[in-house]
Structures are given as C-alpha cells and as structure tokens.
Amino acid sequence: MAELLKDMYNHESLYDIARIIQSVYDPFQIDDFLKSTMDESWEDLELKARVRKISSNLGEYLPADYEAALAILDKVVGRFDSGFFGILFPDFVEVYGRDEKNWRLSIAALERYTPYSSAEFAVRPFIIDHEERMMAQMYAWSKHENEHVRRLASEGCRPQLPWGQALAKFKKDPAQILPILEQLKADPSPYVRKSVANNLNDISKTHPELIEKLAKDWYGKNEDTNWIVKHGCRTLLKKGNREVLAIFGYQNTDCIEVNDYMVNPKSLSIGEELSFSFHILSMEATKVRLEYAIDYVKANGKRNRKIFQISELSLSKNEKRFYDKKHSFADLTTRKHYPGIHTITLIVNGAERCAEDFQLTSI
C-alpha cells in the first residue's frame with residue numbers, strides 16, 4: 001500500500017525539524033516539542049491537521065517575540081527539501097502572524113517561504129481579513145521576479161483551491177482576481193501558467209459567461225496564453241459549452257458520422273474492464289473532440305456522470321478512424337464502484353451520439 005501523504009510527518013521527520021531548529025536556537029526543547037506534538041491524538045489527525053499541530057507547537061517552543069521566531073525559521077527553512085513538507089513554515093505565519101502589528105513581517109515572510117513550499121493556503125485568511133489590502137499585495141507579487149512568488153499571486157486567490165479555505169466573496173464576484181490573471185496570462189513560467197489556468201477553471205464553475213468572454217479575448221494572441229485558455233476552459237469543454245467549443249474549432253457536429261458502436265460485455269463485475277469501440281467518418285475537413293461519459297451508480301442508488309477524453313484531432317474530408325478503448329472498474333482511492341445499471345455515452349464535439357447501458361455487479 002502506498003504511504004499516505006500525512007505520514008511524511010512522523011517521529012523521524014519531526015525530530016529532524018527539532019534538531020535543526022535547536023542547532024540555531026539552543027533553548028529549543030526537542031523532547032518536549034516531540035511529546036506535545038505527537039500526543040494521543042496524533043494518529044487520528046489528517047494531513048492539514050498535522051501541519052497545524054506542528055506549526056502551532058513550534059510557537060510554544062520558539063521565542064514569544066514573533067519577529068525573533070521568524071528570524072530562527074529563516075535560518076532553517078532552506079535546509080528542508082522543497083515541496084509539501086515545508087508548508088508548515090507559511091502555516092506558522094498564518095497561525096501567529098495575522099495581527100495588524102505583524103502585517104509587514106508576515107507578508108515578507110510569506111514571500112520568502114513560498115519558494116520552499118507554497119504559501120497558497122496561508123495567504124487565504126489574510127485575504128479574508130483584509131481583502132483589498134491583500135489583493136493589492138497579490139497584484140504586486142504577480143510582477144515579482146521569482147516564479148514561485150508570481151504563482152502565489154494566482155494560486156492563493158483561486159476561489160475554490162483544493163484543500164484551501166474557500167474564498168466565498170470571489171466565488172460570488174471574481175472581479176478582483178482578473179487583474180492578476182491578466183498580468184500573468186503570458187508568463188514565461190509553465191508553473192505560473194498552470195496556476196492561472198486552474199484559477200480560470202475555478203471561476204468557470206460559477207461564472208461561465210465571464211470565462212467564455214475572457215477566452216475569446218485571450219485566445220489566438222500567444223501560444224502560452226492559448227494553452228492557459230484551453231486548460232482553463234476544461235470544465236466548460238466537458239460540459240459541452242457550445243461557445244467555448246467553437247473557440248477551439250470543435251463546433252461542427254453534423255458532418256461527423258459514428259458507426260459500429262459496440263460495448264462489451266453487457267455485464268461485468270467490479271474490478272473488471274469494459275471495452276467499447278466505434279468508427280467515425282468525417283464528411284468534410286473538421287476538428288474533432290472525442291469523449292465518453294460514464295454514468296456511475298452511487299452508494300445511494302443515484303447516478304453521477306464523469307467524462308473522459310479520448311482524443312482531439314483534425315480530420316480530412318472522407319477520413320475514417322477506428323477506436324477500440326477499455327475502461328477499468330477497479331476501485332481506486334478516488335472512486336469506489338457500486339453495483340447497478342451504468343451507462344456509457346460517446347460524445348463528439350460536445351454532442352451525445354451513442355449510449356449503451358451495462359450491468360455492474362459485485363465481486
């Protein structure tokens with residue numbers, strides 16, 4: 001079984017943290033820190049709760065003076081591998097640095113720490129507490145020379161950041177986000193561009209018309225921006241949004257024939273694979289986006305649709321293609337399967353073309 005992400009925070013890694021801190025701050029009590037952090041509740045804590053437990057306890061054993069505590073963390077943050085592990089440093093800022101008197105120190109610390117492990121979660125309470133002031137800071141960060149800081153400007157204000165505190169005001173009105181995305185829409189860093197696209201995708205879930213308009217304005221001017229627009233419109237594309245499909249040339253449906261749609265077997269057990277095949281024929285030169293949808297049975301007996309991409313391609317007049325695909329119904333950590341009547345549907349340029357029911361049974 002793969003190791004859970006939360007288990008990166010264990011006795012060995014916490015001891016390393018404590019030892020490194022003590023090397024620059026001798027009064028740090030390693031044993032007391034470990035005992036109070038990994039107490040009887042530790043095993044029940046999930047990832048973010050463990051991070052919060054660590055960062056909160058750090059404040060108990062570092063100097064009470066916030067600026068002095070940051071000075072110690074500044075000396076050790078670079079000694080940890082970059083990635084999720086170091087997220088406890090910006091989390092410390094979120095826990096102890098939100099007072100007005102600490103604003104300047106905290107903003108500077110988040111800027112310093114984000115290259116080691118993103119401060120995308122820690123900035124969100126600052127946005128909620130002081131929206132206008134913090135969004136001005138985020139815009140300033142969007143012009144920063146460091147790609148990690150520029151990414152923070154976008155990632156930190158995503159309305160629906162996974163694992164992050166929701167920004168309800170931005171879900172209702174994302175206007176304050178747009179100047180940041182505009183600034184970053186042709187950023188040289190793929191790391192930044194992916195964040196911009198994810199931000200657009202978040203906004204599209206509550207304001208599709210806004211993203212339709214923005215996509216039309218941005219698309220076709222720059223290859224990097226084109227990628228952002230396409231990736232940022234992925235939810236709208238899956239929903240078959242006709243306006244967005246047309247931006248990328250997937251508006252033509254009448255000229256495409258689908259033949260010999262076959263689904264096999266008509267009954268299978270959880271853990272097995274479903275096969276499906278079909279031919280497509282284009283009566284004229286066109287672009288084609290092929291997808292399929294599975295209407296899964298949920299635990300309560302209702303159904304929930306998931307859409308999967310097959311291909312995007314350009315076809316010449318009278319060109320024919322054959323597809324033979326498989327779909328696994330093995331349980332995953334992200335999806336559990338339930339017995340019942342499911343449906344698989346072929347989608348061509350956003351339009352449903354063929355559908356077949358099949359029975360999924362228990363193992």
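## Aromatic pairs and clusters

Rings of Phe, Tyr and Trp, the last taken by its six-membered ring, count as a pair if their centres lie within 6.5 Å. In this predicted model, Phe28, Phe33 and Tyr61 form one aromatic cluster. The count of aromatic pairs comes to 13.

One of these pairs is Phe92 with Tyr96: the ring centres are 4.9 Å apart and the planes stand at 40°, so the pair is tilted. Phe92 and Tyr96 are four residues apart in helix α5, which separates them by about one helical turn. Phe92 is buried, because its relative accessibility is 2% and the cut-off for buried is under 20%. Tyr96, with a relative accessible area of 28%, is partly exposed.

Phe329 and Phe358 make an edge-to-face pair, because their planes meet at 65° and the class takes angles over 60 degrees. The centres of the Phe329 and Phe358 rings are 5.5 Å apart. This pair links distant parts of the chain, with Phe329 in the loop between β6 (320-328) and β7 (340-348) and Phe358 in strand β8 (residues 351-361), 29 residues apart. Phe329 and Phe358 are both buried.

## Charges over rings

Two placements of a charged side chain over a ring can be listed. Lys48 lies over the face of Phe121, 4.6 Å from the ring centre. The charged end of Arg112 sits over the ring of Tyr113, at 5.7 Å from the centre of that ring.

The model has 28 salt bridges. One of them joins Glu46 and Lys6, with 3.6 Å between the closest N and O atoms. The two residues are 40 residues apart and link distant parts of the chain: Glu46 is in the loop between α2 (30-37) and α3 (47-61), and Lys6 is in the segment before α1 (11-24). The partners fall on opposite sides of the accessibility classes. Glu46 has 51% relative accessibility and counts as exposed, because the cut-off for exposed is over 50%. Lys6, at 12% relative accessibility, counts as buried.

Glu94 and Arg52 also form a salt bridge, and their closest N and O atoms are 3.1 Å apart. Glu94 belongs to helix α5 (residues 88-96) and Arg52 to helix α3, so this pair, too, links distant parts of the chain, 42 residues apart. Glu94 counts as buried at 12% relative accessibility, whereas Arg52 is partly exposed with a relative accessible area of 32%.

The side chains of Lys213 and Asp217 meet in a salt bridge, at 3.2 Å from N to O. Both residues lie in helix α13 (residues 208-218), where they are four residues apart, about one turn of the helix. Lys213 is exposed at 52% relative accessibility, and Asp217 is partly exposed with a relative accessible area of 39%.

Salt bridges also link several residues into a network, made up of Glu120, Arg151, Glu155, Arg158 and Asp202.

## The surroundings of Ser106

Ser106 lies in helix α6 (residues 103-113). Its relative accessible area is 0%, so Ser106 is buried. A polar atom of the Ser106 side chain lies 2.6 Å from the backbone oxygen of Gly97. This distance falls within the 3.5 Å limit for a polar contact.

Leaving aside residues up to four places away in sequence, Ser106 touches Tyr66, Val93, Gly97 and Phe126.

## Backbone exceptions

Most residues other than glycine have a negative phi, and most peptide bonds are trans.

The peptide bond from Asn264 to Pro265 is cis, with omega near -5°. Pro265 is placed in the loop between β1 (256-264) and β2 (267-269).

Asp260 is not a glycine, yet has a positive phi of about 55°. Asp260 lies in strand β1 and counts as partly exposed, at 49% relative accessibility. Asn318, also not a glycine, has a positive phi of about 65°. Asn318 is found in the loop between β5 (303-315) and β6.

Key. Residues numbered from 1 in each chain as written. Predicted model: local features only at pLDDT ≥ 70, side-chain atom pairs only at ≥ 80, totals over all residues. Heavy atoms only, no water. Salt bridge = Lys/Arg side-chain N within 4 Å of Asp/Glu carboxyl O. Buried < 20%, exposed > 50% of the residue type's maximum accessible area, 1.4 Å probe, protein only. Polar contact = N/O pair within 3.5 Å; in protein donor to acceptor, adjacent residues only side chain to side chain. Contact = heavy atoms within 4.5 Å. Phe/Tyr/Trp six-rings, centres within 6.5 Å; stacked < 30°, edge-to-face > 60°. Lys NZ or Arg CZ within 6 Å of the ring centre and 35° of its normal.
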